[in-house]
Amino acid sequence: MLDALFTTFFGAQSSRNNQSVSILIGFALLSILSLNAAGKVGAGIGGVIVFFLLFLVAGLLGGLWLAAAFNFFAQLLGGKGSAQESLRAVLLGLWPLMISGPAIAASQWPGILGQFLGLLLGLVVLIGTLITLTRSIGQAHQLQWGKALLTVIFTAVTSMLAWLGFILWPLVLILGL
């Protein structure tokens with residue numbers, strides 16, 4: 001796992017042979033996010049299990065959407081990778097989300113210092129995730145840093161637009177009929 005993370009950051013070779021590491025990162029990420037969510041709402045072990053199953057379904061759908069969007073935009077910008085490599089790159093690129101627990105814990109501390117530290121750590125996690133996603137997509141599709149960053153930005157924008165459409169479409173149906 002550490003070898004795959006090192007390759008994601010510093011290696012020049014493709015991340016094609018990291019399928020087992022990608023799956024391990026995916027399940028570790030689901031477990032950590034489930035623990036974070038259950039802790040935020042005060043649920044016990046049953047809540048952790050429910051959140052894990054919910055996040056598993058949502059993660060599969062979201063991972064497939066991100067991989068398809070990354071693959072589309074990477075191919076558009078001259079990338080050479082496949083959809084399967086994009087899916088692995090998504091899982092490898094999301095590993096900084098595993099350290100979101102300290103950001104959540106710090107934001108629960110009393111006073112302004114806790115809020116500041118929580119926001120700072122959350123920002124570090126967000127920037128780290130964007131960097132590792134960009135690097136993973138760049139490696140998977142053999143793209144330069146700028147094109148890989150454009151791929152991530154285009155995917156984020158289309159994801160936000162898709163979410164907006166998902167929210168507004170029922171209003172169009174209700175108000176338009």
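Let me begin with a definition: a residue is called buried under 20% relative accessible area, exposed over 50%, and partly exposed in between, using a 1.4 Å probe and protein chains only. The structure above is a predicted model, in which local features need pLDDT of at least 70 and side-chain atom pairs count only at pLDDT 80 or more, while totals for chains, interfaces and linings use all residues. Residues are numbered from 1 along each chain as its sequence is written, and side-chain values use heavy atoms, with hydrogens and water left out.

By that definition, buried residues account for 36% of the 177 residues in the protein. The secondary structure consists of 7 helices and 0 strands; helices (H or I, at least four residues) and strands (E, at least two) are DSSP runs, numbered from the N terminus. Contact will mean heavy atoms within 4.5 Å. Of the contacts between residues at least 6 apart in sequence, 67% join residues at least 24 apart.

Beyond its neighbours within four places in sequence, valine 90 contacts Leu66, Ala67, Phe70 and Leu133.

Next, the helix pairs. Two packed helices are described by the angle between their axes and the distance between the axes. Axes are lines fitted to C-alpha atoms, for helices over the stretch in contact, and angles run from 0 to 180 degrees between N-to-C directions. Angles under 35 degrees count as roughly parallel, over 145 as roughly antiparallel, 65 to 115 as roughly perpendicular, and the rest as oblique.

How are H4 and H6 oriented to each other? Their packing angle is about 155 degrees, with the axes 8 Å apart, and the two helices are therefore roughly antiparallel. On the H4 side, Glu85, Ser86, Ala89, Val90, Leu92 and Gly93 meet Thr129, Thr132, Leu133, Ser136, Ile137, Ala140 and His141 of H6. This contact comprises 6 nonpolar, 6 polar and 1 charged residues, where Ala, Val, Leu, Ile, Met, Phe, Trp, Tyr, Cys and Pro count as nonpolar, Asp, Glu, Lys and Arg as charged, and the others, Gly among them, as polar.

H3 packs with H7 (residues 145-176) at about 130 degrees, the axes being 9 Å apart; these two helices are therefore oblique. Trp65, Leu66, Ala69, Phe70, Phe73 and Ala74 of H3 make the contact with Thr151, Val152, Phe154, Thr155, Thr158, Ser159 and Ala162 of H7. By class there are 9 nonpolar, 4 polar and no charged residues.

Asparagine 71, in H3, is buried at 15% relative accessibility. Apart from residues up to four places away, asparagine 71 touches Gly81, Ser82, Ala83, Ser86 and His141.

Valine 125, in H6, is buried with a relative accessible area of 7%.

Finally, glutamine 142 lies in the loop between H6 and H7. Although not a glycine, glutamine 142 has a positive phi of about 55 degrees. Is glutamine 142 buried, exposed or partly exposed? At 43% relative accessibility, glutamine 142 counts as partly exposed.
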